[in-house]
Amino acid sequence: MEIKTITSANIPVFFNNLVKSGKVVVAPVLKKSGKVFFESVQSYDQVSTDYIQTAFSAKSVVFPEVEELFSYTKKEDGDFEFRNDMSNVPETVIWGLRPCDSSAFNYLTDFFLKENPDTYFKLRKERTTLISVSCAKADAACFCTSVGLNPGNVTGSDILLTAMGDSYYVEISTEKGKSVIDTALFTDSTEKSKEEFLAKVETKFSMDEIRERIQTAYDSAEWKHESMGCLGCGACAFSCPTCTCFDIQDEGSQESGKRLRCWDACGFGQFTRHASGHNPKSNQTARRRQRLMHKFKYSVENFGIVSCVGCGRCIRVCPAHLNIFENILNVTKA
Amino acid sequence: MKLLQNKVAELFENGTINLMIGFKEALTKQPVPCFIEKASEIEQLIYTKDCKNNLSVYLHKPEVKQAGKIGILANIATLRALVQLTSENQFWDIEKTVLTVNDKEEVIVFSDMEEVEAYVQANFPEFSEEDLKLLDYLESLSREDRWKYWTEQFSACIKCYACRAVCPMCYCPQCTVECNQPQWIKTSAQTTGNLEWHIMRAMHLAGRCINCGECGRICPVGIPVHLLTVKMNQDLFKEFGTKSGFALKGDYALNSFKPDDKEGFIK
Amino acid sequence: MSEFEPKIVAFVCNWCTYAGADLAGTSRTQYASNVRIVRFPCTGRIDFMLLMKAFENGADGVIVSGCHPNDCHYTSGNFHARRRWIVFRSILDLIGFDTDRITFSWVSAAEGKKWANLVDEVTDKIKAKGPFTDLDKLDGVQLKELYDEAITK
């Protein structure tokens, strides 16, 4: 870990230099709808600085909602030409993601690369640098502190920026982080406490307690009541920084077409439906349970990490306002 | 609030209902749907002007239907939806008790759907001014600019189908987007398919959409999808004089016709 | 460069317009060969999605035609269709879709001449408008252009 500081006035310079260096810079932008989204931007003026959380996570940079796996065209001799050109995936910097989101990248990396590495993800991840910004504000939906994270954790980030008055405290965790640092703008610094500049996020539950009780939560009678409001859309899964389910779709004709990897969501009724018509997750209760158990139990068994990072997006985005931590608390009630 | 809670407690006690769909206050302070199965939970029940969710959508949900005798706390949009859905014969398998809170904060328990119909007709909601303003603005644009506006909006759509999920009129067990032989609408969330999806959704709601605006309100990416159906509702009234969610009996606009319907574009 | 020859898809009903087109053929009336006729039992069967699919698959213009009001073989199919088109057109207008590319018409089995004229007219109109490209650039363009831009920067 290398520690530096940069003045607030130099932040736009640093940012614009990143853009000038030829990298695609993806940063939070406030849209007319009042929501903040990650978008490719050209200048720091476009970047929103006053937001608690973006509506969607930045996972689409490494795991796009629609990814072309390959395309094909029938040639004149009747043979097919296949194309799978990943060479133009650019060096990308994600700017301004929250510490919860950058931790989510650790889970994504485990999921896609641990066994049978996914080449598409691997390439995108290698060409992505994460510059996170600590949270100075939080809202009622935030609960990172309950899942072992905090508004200033460095996990997953290449660089973490924390606003401290008129300067930013810079924690550089990786070589990739070092490589994008513009040395002229940064000065060396000693380790400081960030605490007073970070948002206070109330702990909604203790992971230690949950870890035990979640083992038997599958049979809880509360699931039905807790998932009563669930309408079966994909908003929670699509906004989630750690949801990785996808569906392979072929689009095209006998002449030409492409194979696409599209996001999918366990809340959809068709998600687990077999060709026979049988559906092992035949109701919304079972689907909601799958989502929550996956986050808090199955991913711990498979990767040793709770795959919920407490960003609170699913709570803010849910049309029925289902609250993941209330649900978890209620199904693990003693 | 006490009045409402007492009324609901009464309904539980005399066995009229065994599930109440209403509103409670979330941690975020906004009113959110709640499901009361026990009399002890009645205290959380609230009703304010900010109770916007159209709860009638839950009456299609198997887990809710299982309760058999269901109470539903309805705002005016929900009441309209209930009228429309009754006209579409959707509630043959449940017993429902409809409650509302009127402007004078009185709790009304409707004894049958005819009473709901009369209440809806007496309190029929206008189009929202905000929607009309945005529509006027869009209509003032050139065709090319409108195309630009909407394709930009739809390019952000991620096909989470939340608009479909919250819609009380979208109750088909299998939606057209889920058919793949033929594949009418591409599954991938790309602009052409997204555009087709939203056009299709609006068309399938023609004459049935009760204008609650939930689809636009809850869209995670903030696309004003409800404008399509608002425009459609306006046109249907202008062209054919029909209003959806207005009467228990009668055909809906695209299910009926008049031999002298007017148009100016068929050669 | 050779002149642009538009692809026009005509969705027609079996009983009137298809017979009308047949009459145009048997009377050896010359008309533009740009049209591809798809026969349906009735205009009431012509789903709006078919029109969308035609455009998606490369049509430059679409004709929808059936029996005159009161002449429907099934009594009311065309009346239902008429209401549907009124709503469909208004939604397309709001979205900014070029509705000039869709022509609705009533052509009876006796109107071979009208059919021939209609096709000629529509072909000329679409020729003047040029190819339909509104849908071509929509998919995947954002990301791709972004990347090309980044590479050339």
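Start with chain B: select domain 1 (2-122) and domain 2 (129-255), with bounds from an automatic or database domain assignment. Both domains of chain B give residues to the lining of the second largest pocket, so this pocket lies between them. This is a predicted model, where local features need pLDDT of at least 70, side-chain atom pairs count only at pLDDT 80 or more, and totals for chains, interfaces and linings use all residues. Residues are numbered from 1 along each chain as its sequence is written, chains are lettered from A and ligands numbered from 1 in the order written, and side-chain values use heavy atoms, leaving out hydrogens and water.

Next, zoom in on B:C170, B:Y171, B:C172, B:P173 and B:Q174, which lie nearest the pocket's centre among its 38 lining residues. On a 1 Å grid over the protein atoms alone, a pocket is an open set of points with protein on both sides within 12 Å along at least five of seven lines, a cavity is a set where a 1.4 Å probe fits but cannot get out, and lining residues have an atom within 4 Å of a point.

Now select α8(B), which gives the most to that lining, with four residues. Helices here are DSSP runs (H or I, at least four residues), numbered from the N terminus.

Last stop: the largest cavity, with about 120 Å³ of space; a volume is the space filled by probe spheres set on the points, which are joined across faces, edges and corners. Select its lining, including A:C230, A:C233, A:R288 and A:R291. The structure holds 10 cavities of 30 Å³ or more.

Methods. Helices (H or I, at least four residues) and strands (E, at least two) are DSSP runs, numbered from the N terminus.
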